[in-house]
Amino acid sequence: MARTDHGKRFLIAFVALSVIATPLVAVFVGPHLPPGNASAQAHEQVFDNTWLLTILTPPAIFVVLLLGYILVSFRSRSEAIVEGPPIRGDMRIQTLWMVLTSALVIFLAGFGSYELVQSGSGGGQGPSAAFQPAGYTRAVDVQVIAQQWEFTYRYPSYGGVEVPHLVLPANTLIRLHVTSLDAIHSFWAYQLGVKADANPGVDNIAYVQTRGPKTFDIRCAELCGLWHGYMFDKGEVVDAAQFASWIKRQQSYFSPVAKYLPKYSTSYLPDPQGRAG
Ligand SMILES: [Cu+2]
């Protein structure tokens, strides 16, 4: 009986499966990956996730297929348990594996870092953003104030009005200033692709370029005390006219309490006498 060439057989199966599955993953799974398409940054993240998943498809196939192949092909066919010949390693396979996986990991680290910075990122870059998106001088400032246990929002270009729900104009570059009044929180606007730390005394800047009208989820993503799980809300991207009338309504609705608000500041510090901002 001729000896089966397991290596060759496995390699053919691996290449065939990879060639079929990789484009399918890119085309059919990729567009459904999180966080969605509510902003340019979120869109970039879907693009990145699609690439990462696509590139990682062949290695995943390799590992699972190898395991399956071994389980099926090398299972014991006799009743007696017979030990196989001892194998102490194979320098060629080990070298190949190390070179390929190292190259892959280094490439992904470079790709990820480049992608993170080139869109201005949605992760918050501290008080002086190192990577500004195109047209950032025209960005609309919105302050996100985290506190136990809700987010409020101030609009410095609209008299510093503070509101309990986030509404943003569509197709606009927004500069979010994320800060906190008390504990450490994290502002996570899922479909906008924004997740930025909210620390007291820190003005953490994250850019987001909104697209068309859309609702999005807001959550606190940092355990911040008893009612952390309660820190969620729906935010809204609305068209420019709707935004203009909404902000006008907020200004007049909150005008009686506006005088009690502290002056708009890029950050606030916890106040032992009570609420700081
Ligand atoms: Cu929180």
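Tutor: Let's start with a definition: rings of Phe, Tyr and Trp (its six-membered ring) pair if their centres lie within 6.5 Å, and planes under 30 degrees apart count as stacked, over 60 as edge-to-face and the rest as tilted. This is a predicted model, where local features need pLDDT of at least 70, side-chain atom pairs count only at pLDDT 80 or more, and totals for chains, interfaces and linings use all residues. Residues are numbered from 1 along each chain as its sequence is written, and side-chain values use heavy atoms, with hydrogens and water left out.

Student: Happy with that! How many aromatic pairs does the structure hold?

Tutor: A pair of aromatic rings is described by the distance of the centres and the angle of the planes. By the cut-offs above, the count of aromatic pairs in the structure is 19.

Student: What kind of pair do Tyr-155 and Phe-243 make?

Tutor: Their ring centres are 6.1 Å apart and the planes meet at 50°, so the class is the one left between stacked and edge-to-face. The partners are 88 residues apart in the chain, with Tyr-155 in strand S2 (residues 150-155) and Phe-243 in helix H4 (residues 240-258); helices (H or I, at least four residues) and strands (E, at least two) are DSSP runs, numbered from the N terminus. The pair is therefore tilted.

Student: Is Phe-243 buried or exposed?

Tutor: Buried means under 20% relative accessible area, exposed over 50%, partly exposed in between (1.4 Å probe, protein chains only). Phe-243 has a relative accessible area of 3%, so the answer is buried.

Student: And what kind of pair do Tyr-158 and Phe-243 form?

Tutor: Tyr-158 lies in the loop between S2 and strand S3 (161-163), 85 residues from Phe-243 in the chain. The ring centres are 5.7 Å apart with planes at 75°, so this pair is edge-to-face.

Student: Which residue does Pro-34 join through a cis peptide bond?

Tutor: Omega of this bond is about 5°. Pro-34 is joined to Pro-35.

Student: There is another cis bond, from Gln-148; where is its partner Trp-149?

Tutor: The peptide bond from Gln-148 to Trp-149 has omega near 5°. Trp-149 is placed in the loop between strand S1 (140-147) and S2.

Student: Last one: is Asn-171 buried or exposed?

Tutor: Asn-171 has a positive phi near 50°, though the residue is other than glycine. Its place is the loop between strand S4 (167-169) and strand S5 (173-180). With 58% relative accessibility, Asn-171 counts as exposed.
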